[in-house]
Amino acid sequence: MAKKVLLVDDSTTTLMMEEMILKQRTKYETVTAKDGLDAIARAVEQNPDLVLMDVVMPRMNGFEACKRMRSQESLRNTPIILVTTRGEEEYVEAGYQSGCNDYITKPINSRELVTLLQSYLGE
Amino acid sequence: MVAFEKQNGGEIGDETAQTLTAQAKVYAARMRLQESLDQADALEAIREIAANLMGSEEIAVYKLDKEKGALWLYWSFGIDPNKYAVLDVFKEPLVENALEGKILFKNQTAADRLLAGTDRVNALVPIRIEGTVVGLIVIFRVLPQKATLDAADREICQVLSNCAGRAIEPHRA
C-alpha cells in the first residue's frame, strides 16, 4: 500500500508544486490541508505516514499544529517535517521544540525534498 | 495538463533534479496565475510565486503610465512603498529595456545594478497583455539561503511576464 503524505500549506502554489514533485518522483499518495487547524483534522481523519507542513499559516501556524498533533495518540510517532523560509537557528530550534522531526527551507528543491521524505518513508 | 515522465525511485543526477524542480515550479506558477479569480487573487498569486517558488519576499508591481514616462507602484510586499513609489523611466535605462519586453536579471547585464538607486534588485519582469507591456514586476532580494535567481526562476519570470496581466488590468487580461 502506498505511503500517504499530508501536505499542509496556505499557498495553493506550493501545494501544487509539492504534489507535482511527489507524483513525478515517488509512489506516495498525497492529501492536502490549507492551515494548521485543517491539518489536525485531516491528519486525524487520514492517518498519514508523514506530515510536510508550512510554518507561517493563518488560523494556526505550523509550530502550534505540530504540538497539537503530538498530543494526539494516533499522531505521536508520525514524522512531521516543517517547511520554513527561515533557516535561522532560533527558528529551527522552535520547530524541534514543537515536536517536529526535521525541517526544510523554501524555496523547495525537488531532490532535497524527495531525499528527505524517502529517509523517513523509504521508496 | 502536461504529462510528465515519471522517475520512479532511484538516484537521479543534479541536472535531472533541477529540471524536475523547474518543471514543477513552472507548472505551479502557470496554473496559479491562470486560475486566479480576480485582481486581488492575481496579486496574491504573484506574492506566493515569488516567496514560495523563487525565494523572494520583497516584490513590487508597477503600472505603466506611458504619457508621463513613469511606473507607479501599484502593489508591493516586503519593501518600503514610500521608497519605491515611482520609477522614472527616463532615469532608469534598464527599466526602459525591460519595458521593451525583455526580462532582465542581475549579473546578466553589463551594469552592476538594475535600478539606479539600489543594488537590491534581482530581476525586472515586464508584464505583458497581448504583446503590450502594461507594467513591471520588480523582484528585490532573495532569501539568505539562496544565492541568486537560477534557471528555474528565469522560467518562472517568463510565466509571470506572460500571465500576470490580470493583476494590473483585470478586464483586459
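In the predicted model, chain A contains 5 helices and 5 strands, and these elements follow one another along the sequence in the pattern β-α-β-α-β-α-β-α-β-α. The C-alpha trace of chain A extends over about 30 × 30 × 25 Å along its principal axes. The radius of gyration of chain A is 13 Å, which agrees with the value near 14 Å that a compact globule of 123 residues would have. Of these 123 residues, 48% count as buried, and among the contacts in chain A that link residues at least 6 apart in sequence, 60% join residues at least 24 apart.

The 5 strands of chain A are arranged in an open sheet, in which the order is β2-β1-β3-β4-β5 and the pairing is parallel. From one strand to the next, the twist averages 20°. Strand β1 (residues 4-8) of chain A runs parallel to β2(A) and is joined to it by 5 bridges; within this pair, Leu7(A) stands opposite Thr32(A) of β2(A).

Helices of chain A that pack on the sheet include α2 (residues 36-46), which touches β1, β2 and β3 (50-54) of chain A, and whose direction makes about 170° with that of β1(A). Helix α3 (residues 62-70) of chain A likewise packs on the sheet, where it touches β3 and β4 (80-84) of chain A, and the direction of helix α3 makes about 155° with that of β3(A).

Notes: Residues are numbered from 1 along each chain as its sequence is written. Chains are lettered from A and ligands numbered from 1 in the order in which they are written. This is a predicted model: local features need pLDDT of at least 70, side-chain atom pairs count only at pLDDT 80 or more; totals for chains, interfaces and linings use all residues. Helices (H or I, at least four residues) and strands (E, at least two) are DSSP runs, numbered from the N terminus. The radius of gyration is taken over C-alpha atoms; the globule rule is 2.2 Å times the number of residues to the power 0.38. A residue is buried if 20 or more other C-beta atoms lie within 10 Å of its own, exposed if 12 or fewer, and partly exposed in between; C-beta atoms are placed from the backbone. Two residues are in contact if their C-beta atoms, placed from the backbone, lie within 7 Å. Two strands pair if DSSP finds at least two bridges between them. Axes are lines fitted to C-alpha atoms, for helices over the stretch in contact, and angles run from 0 to 180 degrees between N-to-C directions.
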